[in-house]
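Here is a briefing on one protein model. It takes the domains and their interface, then individual side chains.

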Amino acid sequence: MRTAYSVETVRAAERELMARLPDGTLMQRAAAGLAAACADLLGRVYGRRIALLVGSGDNGGDALYAGARLARRGAGVTAILLTPERAHASGLAALRRAGGRAVGVTGAEALIERADLVVDGIVGIGGKGGLRPEAAPLAAAAERSGAAVVAVDLPSGVDVETGEVRGTALRADLTVTFGTHKPGLLIDPAREYAGVVRLVDIGLALPNDAVELEALQHADVARLLPLPAAETDKYRRGVVGIAAGSARYPGAAVLAVAGALRGGAGAVRYVGPAGDAVIARFPETLVSDGGPRKAGRVQAWVVGPGAGDDAATVAEVLATDVPVLLDADGLRLADPAAVRDRTAPTLMTPHAGEAAALLGVAREEVEAARLASVRELAARYAATVLLKGSTTLVADAGGGGAVRVNPTGTGWLATAGSGDVLSGLAGSLLAAGLTTLDAASVAAYLHGLSARFTADGAPVGAHDVAEGIGGAWRDVRG
């Protein structure tokens with residue numbers, strides 16, 4: 001599992017480690033990893049022109065020491081000092097001893113535009129807000145140059161804690177981060193500025209109970225997948241109920257059922273006005289026309305996709321004592337008090353627009369502050385929340401603890417009906433016995449992986465994503 005920690009936790013771990021090491025050892029470890037990553041990116045170091053953008057913090061020191069290592073290998077290294085009087089003295093001396101040079105910001109844009117590699121050591125993990133006015137022209141020159149840009153620990157101008165970008169930021173091709181991932185490297189919009197992220201181990205001991213973000217990997221998902229035993233029957237595997245679709249949107253029901261059939265539950269019950277369309281596509285579905293109460297026993301419900309204005313069905317499902325997944329129209333129709341007062345678990349799966357409506361803010365606010373938004377929703381509704389988007393986030397009920405970020409998403413999932421498939425898949429995993437947090441995380445992982453495999457660089461429809469879930473499942477299982 002990939003984990004990310006807060007600035008406070010990282011700094012505490014750094015202080016503890018530095019107290020046990022000779023002075024400067026930690027920075028040398030970071031600089032060695034940074035220099036190696038730069039060399040790998042360049043391919044050939046000798047004769048290359050490298051511009052270091054050096055701020056006043058430790059990131060600037062990391063950049064200077066890494067620059068010294070690259071200068072000793074024959075690169076032409078120039079450090080551009082944004083605040084010369086506050087530059088890291090030892091790092092600057094090491095660079096000069098190695099044959100590098102240092103200049104101020106005057107005339108530096110021309111140097112940057114001629115560089116093969118730009119190293120962003122302007123702002124470290126303590127930075128807040130966008131780049132300062134004196135740094136913004138250097139960032140613009142780096143983008144004009146066509147040079148590869150390597151960020152030291154994180155791209156300057158992004159918020160390391162939240163992933164927000166509140167002003168000008170420097171976009172990197174590669175970010176070399178030290179000790180652990182930082183939340184801003186995993187969450188959009190900041191994640192888009194980070195490029196490829198390379199983690200350098202510098203020996204930090206980080207507490208397991210202070211994780212801010214988690215990103216599941218194949219092995220984690222494989223351990224969570226529900227697998228039938230020899231004596232298992234369809235009812236022991238779990239039955240998921242799907243209350244979805246309407247005369248106007250029968251396809252939402254079909255797609256939700258498609259996702260549910262591939263999620264590990266033993267049977268799918270459908271209630272709603274799209275029964276004929278569901279049976280025509282999936283004859284194995286158990287269709288009822290008597291509403292949720294008369295559908296038969298289920299272990300979890302999915303309600304809302306394509307439901308139109310059927311508030312009565314949403315209320316009926318929320319009154320049950322089994323896990324419920326609320327999606328699409330269900331989010332709009334649900335009584336907030338009824339959601340909060342449930343004794344059984346609830347999973348809500350809004351996209352940014354739906355989350356904005358629930359929070360009473362503009363969609364742009366949710367997209368700019370995704371981590372804060374998903375935590376706020378989970379706290380306000382006492383429910384697990386899966387916030388869909390370019391980086392899908394899952395916060396457990398109440399909003400505390402580590403938030404999970406899905407690493408498998410792709411832009412090809414921005415297609416009508418893909419959210420219905422995700423809801424059915426997650427609901428099936430709930431019925432199979434996973435917690436709301438695990439069901440949401442595993443569903444998002446398989447959903448994204450299926451889209452990647454199915455798209456293979458070309459557009460896909462939601463039904464293609466549903467069909468590909470089995471392949472994603474097998475890939476995870478290895």
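The protein chain splits into domain 1 (2–213) and domain 2 (218–477). The model is predicted. The domains come into contact, and histidine 447 is buried.

**Domain layout and interface**

- The C-alpha centres of domain 1 and domain 2 are 40 Å apart.
- On the domain 1 side, 11 residues make contact with 13 residues of domain 2.
- Interface size is often expressed as the accessible area that is lost when the parts come together.
- Here, domain 1 and domain 2 bury about 980 Å² between them. Carbon and sulfur atoms account for 57% of that area.
- Ile187, Asp188 and Leu213 supply 39% of the area that domain 1 buries against domain 2.

**Histidine 447**

- Histidine 447 lies in helix H18, which covers residues 436–455.
- Its relative accessible area is 4%. The cut-off for buried is under 20%, so histidine 447 counts as buried.
- The histidine 447 side chain reaches the backbone oxygen of serine 418 at 2.9 Å.
- Leaving aside residues up to four places away in sequence, histidine 447 touches Leu413, Ser418, Val421, Leu422, Leu425 and Val465.

**Aromatic rings**

- The whole structure has zero aromatic pairs.
- A charge does sit over a ring: the charged end of arginine 171 is 4.1 Å from the centre of the tyrosine 193 ring.

Methods. Residues are numbered from 1 along each chain as its sequence is written. This is a predicted model: local features need pLDDT of at least 70, side-chain atom pairs count only at pLDDT 80 or more; totals for chains, interfaces and linings use all residues. Side-chain values use heavy atoms; hydrogens and water are left out. Helices (H or I, at least four residues) and strands (E, at least two) are DSSP runs, numbered from the N terminus. Buried means under 20% relative accessible area, exposed over 50%, partly exposed in between (1.4 Å probe, protein chains only). A polar contact is a pair of N or O atoms within 3.5 Å; within protein, one must be able to donate a hydrogen and the other to accept it, and residues adjacent in sequence count only if both atoms are side-chain atoms. Contact means heavy atoms within 4.5 Å. Rings of Phe, Tyr and Trp (its six-membered ring) pair if their centres lie within 6.5 Å; planes under 30 degrees apart count as stacked, over 60 as edge-to-face and the rest as tilted. A charge sits over a ring if NZ of Lys or CZ of Arg is within 6 Å of the ring centre and within 35 degrees of the ring normal. Domain bounds come from an automatic or database domain assignment. Buried area is the accessible area (1.4 Å probe) that two parts lose on being put together, summed over both.
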